[in-house]
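Hello,

Here is the structure I promised to pass on.

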Amino acid sequence: QVQLVESGGGSVQAGGSLRLSCAASGYTYRSNCMGWFRQAPGKEREAVAGISTGSGNTYYADSVKGRFTISQDNAKNTLYLQMNSLKPEDTAMYYCAIRLNRWCGGRVPDVADFGYWGQGTQVTVSS
């Protein structure tokens, strides 16, 4: 069965950096859409970044462009999110997700597109 396990969250001051990891297992498709999402208290889950794992094409929400970088290590079946210049408004639970055997479709992925989710890792940015 598909498993996604996030790690790397924590508490940092504004301007700091964190690197999130998502270890993926339980599937054999090589061309998938993987994404990072976040949900702050009282708000809906929103997309942060996506990557089509076959092509390596990446997509970012406007709020994180230039600050966050999504990447993958195919040998380790791991997805990463490097977050720099963090702001208090980046505080949220961060989730990774995968849509099997599908491209991201040339855009930032939508929450509704994904059927498999990790349990999340908390990121807290203080001012």
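Are Cys22 and Cys96 buried or exposed? Both of these cysteines are buried. Do keep in mind that you are looking at a predicted model.

Searching the whole structure turns up 2 disulfides.

**Cys22 and Cys96**

These two are bonded to each other, with 1.9 Å between their sulfur atoms. The S-S torsion for Cys22 and Cys96 is about 50 degrees, which means the disulfide is right-handed. Cys22 sits in strand S3 (residues 18–25) and Cys96 in strand S9 (residues 92–99), so this pair ties together parts that are 74 residues apart in sequence.

**Cys33 and Cys104**

Here the sulfur atoms are 2.1 Å apart, and Cys33 and Cys104 form a disulfide. With a torsion of about 95 degrees about the S-S bond, the disulfide of Cys33 and Cys104 is right-handed. Cys33 belongs to strand S4 (residues 33–39), while Cys104 lies in the loop between S9 and strand S10 (116–117), so parts that are 71 residues apart in sequence are tied together by the pair.

As for accessibility, Cys33 is buried, its relative accessible area being 0%. Cys104 has 1% relative accessibility and so counts as buried.

**How they pair up**

If you number the bonded cysteines of the chain in sequence order, you get the pairing 1-3, 2-4.

Best wishes

How values were computed
Residues are numbered from 1 along each chain as its sequence is written. This is a predicted model: local features need pLDDT of at least 70, side-chain atom pairs count only at pLDDT 80 or more; totals for chains, interfaces and linings use all residues. Side-chain values use heavy atoms; hydrogens and water are left out. A disulfide is a pair of cysteine sulfur atoms within 2.5 Å. Helices (H or I, at least four residues) and strands (E, at least two) are DSSP runs, numbered from the N terminus. Buried means under 20% relative accessible area, exposed over 50%, partly exposed in between (1.4 Å probe, protein chains only).
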